[in-house]
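Hi everyone, thanks for coming along. I'd like to walk you through a structure that may be new to you, so let's bring it up on the screen.

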Amino acid sequence: MSRRSDLGKLEAVLLDMDGTLVDSDASVERAWSTWAGENGVAAEAVLAVAHGNPSERTVRRFFPLLDDDAVALAVRRLTALQCDDLSDVVASPGAADLLTALDRLGLPWAVVTSAGTRLAKARLAAAGVEPPMLVTIDDVRHGKPDPEGYLRAAAALGVDPAACLVVEDSEPGLAAGTAAGMTTAALRGLSGDLRLNDLGHLAHLLRRARTTPWWRDAVGYQVYLPSFGDSTGDGWGDLAGVGEHLDHLTSLGVDVLWLTPFFRSPMRDHGYDIADYSAVDPLFGGEAALAGLLAEAHRRGLRVIGDLVVNHTSDDHPWFRAAASSAIDPYRDFYIWRDPAPDGGPPNNWLSHFGGPAWTFSAATGQYYLHLFRPEQPDLNWRNPVLVQQIDEVIEHWLARGLDGFRIDTAAYLVKDADLRDNPLLPADLLAPMAGVTMDWRRQDHRYDIHQPDVHTIHERWRRVADRHDAFLVGEVYELDPAALARFVDGERLHSSFWFGLVETNWDPEQIDTMLAAAVAASPRLSWVQGNHDRRRAATRYGGGETGRRRSLALHVLMALLPGTMWFYQGEELGLGDGHVPPGHGADPLGAAQPDQSRDVARTPMPWRPGPGLGFTTGRPWLPEGGRSAADTVAAQEADPASHLNALRGLMMTRRALADLLAATDEVTKVDLGAGVTAYRRGGLWAVANLRDTPVPAVDLPAPAVFDSDDAAVSPQRPKSGPVRLAPQQALLLMRPRLRWPVVRSCARRGGV
Ligand code: NOJ
């Protein structure tokens, strides 16, 4: 099963009991240890084989000479030991969420276990689970790995085995599912067609498999490839390094991963200068590493999108080398060449983002070529139909190889004014409100070099290709006016576009309120982001330290309600501020031209755990570690229930549990709950936040809170009603009460929803 859409075709879910649906580990261990002691065998040896196998097989393994009666006696003893001790048997984490999802999706389910009927009934009752169908070892001739139990359940449900999903946490169980011709989902890091963190993960995948299009309301995560995970110790991130951290992403509720460019590149702009669109750079691990990552991601139900960088290539691309070699070369018109101005200087006043003119003179042919970024990043000529055709093929190539779409780099830049007219200068008091560029660049009104309306035709063309592959296209469009941005996602243009209002701002609650309201009203297809690899980190821009983190979390709560897709930039889930990069240790070409705009601060290595290399690398990282503290790391935050990471995980797990309500409507309205409160409503859900630095006197909530950024005890199962006094940056999700939640005895400590 490589795609989530395959899950949409399932007709039944067959669940193993112990360790899968029911957390009985301690009870099983106690019973087998007692039995091992009574019979003079080593408990560890017995425990190593007992799990997943019928008791009879384990007994025979240790006492091969016993006759059938003696084996039956031993099994009875074990059953008695286990039935007598059910004190800590509970439903597994996520079980309630899964059973609710199965109920709502109308998917039949059954329990198929290696335990006997008496024990199975006792355990399931202790966990509060009532399966509509139970197949035990007493119903079959052989237990797992024999497929009989699973086949019997499928037959009784009247479902084709090929349309069943087996959920297991042991090798014999997975073998039984595979032998039955069923799709398997594995827990505890085992290998099945799907790999699950817990049952809540499966509930989420089943719901999402029935969501159309698949990216609707999805949660995205940007991986800045050079700085996420290094599997080789060379200090530079790679694709296998990403593969090592996929469970971190699924535990955050991520649905789709955006990988910054992995194509062959001289890395003058760290991959945003591509020399071969059809090759994976060896520095990132080459073709095999990409194939491995895609397989592992898809196995977890994660989609993966690439980065389509086609405003420009590298000057090392064979197209450019050919184009620069002669004015009559067939590739000449793939790029934009012009004669010098009468004074011998550049043909017009356009500027490079990274400083200086956007034109470089090429002595070999006596003309200038255009580059809106570095001279090593020549701009492609999108008015050339041959180029247009070539890029279609690039897109086809990667979508056929398994990518699930693309983030479109500088999506609004591709087409330039046909006459290459000079940009007007802005009045001195009206500089463009944009970070990530030099001061000179901000002085111009970029009327002719970027954001030309013809670009929509190209996006429409790509959309047709993408839709054939069920792929997703999300644009990088620095158009802060939401109404203008909405035109990029109108009709059959891009599926979505990032709205950078929350990225191009420092903390100004009034302004954020106004901008956000305009963006929400403009389109239900925007992608919500607070940061990326090109701007200072959100927690820093929002004030730094604990205040910056609280503000960022409050905005995440609002984002969680909004239609479209919501995104995290790597490290944002940890509330990371800017990394510290001492002068002289940076690598960013923009930072070289304008140090206060250096993007290195957002690109220092992902801190996985304390210690040298931060768990990012065993070698010397390509950028400084950034001055991270132990508390900044994933390892430390996972262990701290009050960490930023756990708060965000709680938010995202709550959002998952509300998925059907989100799916009910895309219509979002701003709600007035009193001065100082930012509130939105989407059907039966509300997001409410105090973005100000002063408390808001008691607010009458229109529905009970099911998430509270200041109270981890609040959840869909433990809602909070009544008036609330909102602390500064406190944010809530509210839900109109549901009629019923399934009753299972779950262990809250382990996160059972
Ligand atoms: C936008 C990318 O995000 C940035 O990192 C890059 O430098 C430019 N486009 C040029 O490709």
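Let's begin with a group of aromatic rings: Trp258, Tyr478, Phe498, Phe500 and Trp567 are linked into a cluster by ring pairs. Before going further, please keep in mind that what you see is a predicted model.

How many aromatic pairs does a search of the whole structure find? The count comes to 29. Let me pick out two of them. In one, the ring centres of Trp236 and Trp622 are 5.1 Å apart with the planes at 70 degrees, so this pair is edge-to-face. Have a look at where the two partners sit. Trp236 is in the loop between strand 9 (219-223) and helix 11 (239-243), while Trp622 is in the loop between helix 22 (589-593) and helix 23 (634-639), so the pair ties together parts that are 386 residues apart in sequence. Trp236 is also buried, its relative accessible area being 9%.

Now for a helix. Helix 15 runs over residues 385-400, which makes 16 residues. From first C-alpha to last it reaches 23 Å, close to the 22 Å expected at 1.5 Å a residue. Its buried residues are Leu387, Val388, Ile391, Asp392, Val394, Ile395, Trp398 and Leu399. Why do they fall on the same side of helix 15? Because they cover an arc of only 160 degrees around the axis.

After helix 15 comes Gly402, which has a positive phi, near 120 degrees.

Next, two residues in loops. You'll find Ser265 in the loop between strand 11 (263-264) and strand 12 (276-280). Ser265 is buried, at a relative accessible area of 9%. Its side chain reaches the backbone oxygen of Asp273 at 2.7 Å. Setting aside neighbours within four places in sequence, Ser265 is in contact with Gly271, Asp273, Ile274, Ala275 and Asp281.

Ala341, in turn, sits in the loop between strand 14 (337-338) and strand 15 (359-362). With a relative accessibility of 19%, Ala341 counts as buried, given that the cut-off is under 20%. Which residues does Ala341 touch, not counting those up to four places away in sequence? They are Pro346 and Pro347. There is also Tyr368, 27 residues from Ala341 in sequence and 9.6 Å away in space, C-alpha to C-alpha.

Finally, a word on annotation. In an unreviewed UniProt entry, residues 222-603 are annotated as "domain: Glycosyl hydrolase family 13 catalytic". In this model, the end C-alpha atoms of residues 222-603 lie 12 Å apart, and the span is 29% helix and 13% strand.

Key:
Residues are numbered from 1 along each chain as its sequence is written. This is a predicted model: local features need pLDDT of at least 70, side-chain atom pairs count only at pLDDT 80 or more; totals for chains, interfaces and linings use all residues. Side-chain values use heavy atoms; hydrogens and water are left out. Helices (H or I, at least four residues) and strands (E, at least two) are DSSP runs, numbered from the N terminus. The expected span of a helix is 1.5 Å times one less than its number of residues. Buried means under 20% relative accessible area, exposed over 50%, partly exposed in between (1.4 Å probe, protein chains only). The arc is that of the directions from the helix axis to the C-beta atoms. Contact means heavy atoms within 4.5 Å. UniProt positions are given in the numbering used here, feature names are shortened, and annotations may be inferred rather than shown by experiment. Rings of Phe, Tyr and Trp (its six-membered ring) pair if their centres lie within 6.5 Å; planes under 30 degrees apart count as stacked, over 60 as edge-to-face and the rest as tilted. A polar contact is a pair of N or O atoms within 3.5 Å; within protein, one must be able to donate a hydrogen and the other to accept it, and residues adjacent in sequence count only if both atoms are side-chain atoms.
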